[in-house]
Structure formats: C-alpha cells, structure tokens
Amino acid sequence: MGELRDLANLSKLIWKMNRKQEFGFSFNVADRCPIGCDCYWRAQRRVKELSDDQVIKFFNEKKEKGYLIVTLVGGEPYVRPELLEKITPIIPANWLVTSGTTPLRKFPCTTHFVSVDGVNAETHDAVRKSSGLYNRIIKNISRARAAWQIFPIYIHTVLNTKNQNQVREILRTWLSNGLADGVVFSTHTPIKGAGDSTLRLSRFERINIVKELQRCKDEFGDFLVNTKAMIRFLHPDFTDSQNPTKCGTAHFVPSFDASGGRMKQCILSEKADCTQCGCVITTMIETVRHFPPDLSSLRSLAKLRTN
C-alpha cells in the first residue's frame with residue numbers, strides 16, 4: 001500500500017507542476033543548531049520560533065491547500081523532537097534533513113536524509129568544525145536501523161573543496177556498511193555571509209565533479225540517487241544562467257523560516273549564488289518539470305519513498 005500511495009502522490013505532484021502550482025515546501029523546524037559549522041543556515045537572520053501549536057496550525061493549513069511534501073530542516077530539526085512527532089503525520093510525505101548527531105526516531109511518512117560530508121571522521125569533522133560528529137552519526141544510524149525493520153534513510157553529501165575527490169569512496173563505504181538506502185550528492189553553493197570561502201569550488205572543480213558523478217552512476221546504479229539528467233544540471237554550463245525567475249525550486253517549493261515567514265528565493269536564502277547552485281532538489285525539479293519528464297528521475301523520486 002505504501003508504494004501505491006507514493007505513486008498516487010507522485011502523479012499529483014506532476015499534475016501540479018504541469019499547471020505551475022506549488023506542490024511542496026521547506027520549513028525550518030528550529031532556529032537553533034548544536035553544531036558550530038559554517039552552513040547556509042548561519043547566514044540567515046535569527047527569528048523567533050513558532051510554538052508547537054502554531055506550527056501544527058501552519059502545517060494543517062498547508063495540507064488543506066494540497067501540499068504533498070515538506071522538507072524539514074533548520075537549524076537542526078531534532079532539537080524539537082516532540083514537535084516532529086506532531087507534524088510528520090500531517091503532510092503526505094516528509095523529508096527530514098538532519099546532522100544525525102542526535103538519536104534518530106521513527107516518524108510516520110518520513111524519510112531521513114543525514115548530512116555526511118566526508119568518507120571518514122577526519123574529513124567530515126573537519127568540514128563541520130567539530131570532533132566526534134562522524135562517529136556519533138554511525139552510532140545513531142546503526143541503532144535506528146537495528147530498532148526498526150523499515151527505516152528509510154539516505155546519506156546527503158555536499159561536495160566541496162575538502163571532499164570533492166571522495167565521491168567513489170563515499171559510495172563504497174555506505175554500500176558496504178548497509179546502513180543507508182543510497183547516497184544523494186549536492187555541490188557547494190556559495191552563500192554571502194556564511195563564512196564558506198574555504199569550501200567554494202572552482203569552475204574546473206565543478207566540471208570534474210560532474211564527470212566523476214557520471215562515471216560513478218554507471219558503477220553504482222540506483223544506490224547513487226542522482227540520475228544522469230540530474231547530474232548534468234550541476235554543470236556550470238547550466239548554472240551560469242540560473243536565477244530565481246528560472247528556478248523550479250523557487251517556483252514550486254517555497255521555503256519558510258522558523259517564524260513561519262516566507263524566505264526570499266529558496267531554502268538557501270537570497271544570499272545564495274544561483275549561478276553556482278548545487279542543490280539536488282533544484283536538479284531533480286528541473287528534470288521533471290517539463291514535458292516529457294525524465295523517466296529515470298521520476299523513478300528516482302518515487303524511490304525516495306516514506307515508511
């Protein structure tokens with residue numbers, strides 16, 4: 001029944017896109033994060049979080065308007081686990097993006113995306129500027145997969161100057177340890193004020209990443225969630241002309257901060273450099289927003305099913 005439900009929602013999603021309607025949204029569950037890394041969230045203005053009741057009301061309003069999927073982000077969503085218990089049953093599908101450094105819980109209609117920015121503790125902890133994070137992630141994922149027979153979880157790696165040469169080894173690591181259903185890759189998007197200058201990729205490096213991802217797609221198949229069409233949209237030849245007026249994410253997936261206010265541009269805020277956008281959500285939307293949609297990307301989207 002779960003797969004039939006997901007296919008029905010996917011059909012509704014395509015129907016909405018064809019009619020230029022918003023189909024999903026992202027929401028900053030918290031305006032707090034226990035990790036001191038440099039990321040897009042730190043470049044955002046601080047806001048007052050909605051109360052649990054206000055968030056529940058906000059989500060029910062989105063459900064009534066026909067929204068099909070929500071990306072739960074932050075800050076760190078797991079700083080409000082009781083709120084997650086209350087809101088995950090509301091929208092048909094939840095993609096929960098987390099650092100994985102807090103014990104994971106099983107929520108209805110939810111797929112976890114755990115941020116892992118390196119093949120090992122040395123790289124990941126250096127990117128995140130905090131020791132011990134990688135080992136905590138492994139422990140928390142292992143416990144969750146052992147506790148529940150079905151616990152959909154994917155690794156999300158943002159490729160940057162420190163980990164750009166680790167694509168193949170990251171895939172091999174998670175394929176061999178059996179702790180994830182696949183790996184999703186983005187590339188680093190420069191954001192004004194995020195303190196991310198040491199992570200920014202050159203044009204040459206981004207082109208090489210696209211080539212490596214295409215090679216790895218042939219080797220690892222569906223375990224590398226990005227399709228070949230999605231990977232092509234990471235190429236500078238495409239992103240050079242990217243801007244909010246053309247972006248499918250900006251049109252179809254509005255982003256809201258923890259106060260419920262709509263964020264300018266997208267989840268990365270108006271400070272993001274669209275001409276170097278590496279967001280996997282944007283690449284996925286680009287491959288399916290026009291007719292005919294890329295069938296491999298549609299299958300990939302359907303594969304990210306919730307429990």
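What is the volume of the second largest pocket? The second largest pocket has a volume of about 160 Å³. A pocket here is an open set of points, on a 1 Å grid over the protein atoms alone, with protein on both sides within 12 Å along at least five of seven lines, whereas a cavity is a set of points where a 1.4 Å probe fits but cannot get out; lining residues have an atom within 4 Å of a point. Grid points are joined across faces, edges and corners, and a volume is the space filled by probe spheres set on the points.

The structure is a predicted model, in which local features need pLDDT of at least 70 and side-chain atom pairs count only at pLDDT 80 or more, while totals for chains, interfaces and linings use all residues. Residues are numbered from 1 along each chain as its sequence is written, and side-chain values use heavy atoms, with hydrogens and water left out.

The protein contains 12 helices and 7 strands; these are DSSP runs numbered from the N terminus, helices being H or I of at least four residues and strands E of at least two. Its radius of gyration is 18 Å, close to the 19 Å that the globule rule gives for 307 residues, so the protein is as compact as a globular protein of that length. That radius is taken over C-alpha atoms, and the globule rule is 2.2 Å times the number of residues to the power 0.38. Along the principal axes, the C-alpha atoms fill a box of roughly 45 × 45 × 40 Å.

To return to the pocket, its lining consists of Lys217, Asp222, Val225, Thr227, Ser296, Arg299, Ser300 and Lys303. Helix α12 (residues 295–303) gives the largest share of this lining, 4 residues. By class the lining has 1 nonpolar, 3 polar and 4 charged residues, where Ala, Val, Leu, Ile, Met, Phe, Trp, Tyr, Cys and Pro count as nonpolar, Asp, Glu, Lys and Arg as charged, and the others, Gly among them, as polar.

Helix packing can be followed at α4 (residues 121–128) and α5 (residues 133–147), whose axes are 7 Å apart and meet at an angle of about 115°. Axes are lines fitted to C-alpha atoms, for helices over the stretch in contact, and angles run from 0 to 180 degrees between N-to-C directions. The two helices are therefore roughly perpendicular to each other, a label for angles of 65 to 115 degrees, with under 35 counting as roughly parallel, over 145 as roughly antiparallel and the rest as oblique. In this contact (heavy atoms within 4.5 Å), Ala121, His124, Asp125 and Arg128 of α4 meet Leu133, Tyr134, Asn135 and Ile137 of α5. These residues divide into 4 nonpolar, 2 polar and 2 charged.
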